[in-house]
Amino acid sequence: MMKDPFGGILLNIAFRMLVPFTLVYAVYVLVLGETSPGGGFQAGVVMGFGIVLARLILGERATIFNIQMKNSLVLAGCGTFIYTLAGWLTLLGGGKFLDYSFMPVHMEPAHEMHALGILMIEIGVTICVMMTILNIMDAVVERSDD
Amino acid sequence: MRGFVITVLALLTGLFCSSVIFLPEIGDPQSAPNQHITPVYISQSEIDTGSPNIVTGTLADYRGFDTMWETTVMYLSGLTAALILSKSTMGRRPEKEDDYE
């Protein structure tokens, strides 16, 4: 957790404008990853950047964004688990591992189920990448606070 | 022990480097991937995966298992970096190394 904010008042106010736009753009990259360039990894990086920026500016006052290190480690594992869960759901639906035609929900036409599976695994990848970035930042900052 | 490890690593590196000459040239239209896999992926990707983006279709659907382990590798690397960098001493080697040789 950062004790002190990052720069002077000018830098803080200039970067404060960027934070909400960065977070919204990350969700855009995640959802539109199927039809346009983008996807889970990129969305995770952009979202992690937004949160890191908010913590740099606000310091200890960034109460929403100050995820503790033990929680972010667990959440990164949860992101990986969501990916694997998509594979287990297709097994439950009667298909092979990660064969999205056999998702347990039924949708017409068949490739809509593929789109659902791809969105699910990309959400998992996004959470994993975002929380990994926060992990590394937490570890570095924790050491420099001594 | 160290000499053995270095020998094995050098041997493996030599094997990998010598196998480069058997790889097909980049952009060779007669190579096996360019004759079967690439045309099928380009023409069938949208029908198979429902995603107009060929990259997403390949990454998440045709190569889903690969991407799963990629995510796992990223998680493990983040975990390792956090464990090395954090100041928590749990599982650390003690400062006085009397117990070790």
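Modeller: Helices (H or I, at least four residues) and strands (E, at least two) are DSSP runs, numbered from the N terminus. In those terms chain A contains 5 helices and 0 strands, and its elements follow the order α-α-α-α-α from the N terminus on. Residues are numbered from 1 along each chain as its sequence is written, while chains are lettered from A and ligands numbered from 1 in the order in which they are written. This is a predicted model, in which local features need pLDDT of at least 70 and side-chain atom pairs count only at pLDDT 80 or more, whereas totals for chains, interfaces and linings use all residues.

The C-alpha trace of chain A spans about 55 × 30 × 20 Å along its principal axes. Of the 146 residues in chain A, 36% are buried (20 or more other C-beta atoms within 10 Å of the residue's own, with C-beta atoms placed from the backbone). Two residues are in contact if their C-beta atoms, placed from the backbone, lie within 7 Å; among such contacts in chain A between residues at least 6 apart in sequence, 63% join residues at least 24 apart.

The axes of helix 4 (residues 69–92) of chain A and helix 5 (residues 111–144) of chain A come within 8 Å and cross at roughly 160°; axes are lines fitted to C-alpha atoms, for helices over the stretch in contact, and angles run from 0 to 180 degrees between N-to-C directions. Helix 4 of chain A is therefore roughly antiparallel to helix 5 of chain A, a label for angles over 145 degrees. The contact of helix 4 of chain A with helix 5 of chain A comprises, by class, 16 nonpolar, 7 polar and 2 charged residues. Here Ala, Val, Leu, Ile, Met, Phe, Trp, Tyr, Cys and Pro count as nonpolar, Asp, Glu, Lys and Arg as charged, and the others, Gly among them, as polar.

As for the partner, 33 residues of chain A are in contact with 23 residues of chain B. On the side of chain B that touches chain A, two or more residues each come from helix 4 (54–62) and helix 5 (64–85) of chain B. Helix 5 of chain B supplies the largest share, 12 residues. By class, that side of chain B has 11 nonpolar, 10 polar and 2 charged residues.

For the complex, the predictor gives an ipTM of 0.83 and a pTM of 0.82.

Note on methods: Parallel < 35°, antiparallel > 145°, perpendicular 65-115°, else oblique. Buried ≥ 20, exposed ≤ 12 C-beta atoms within 10 Å, placed from the backbone.
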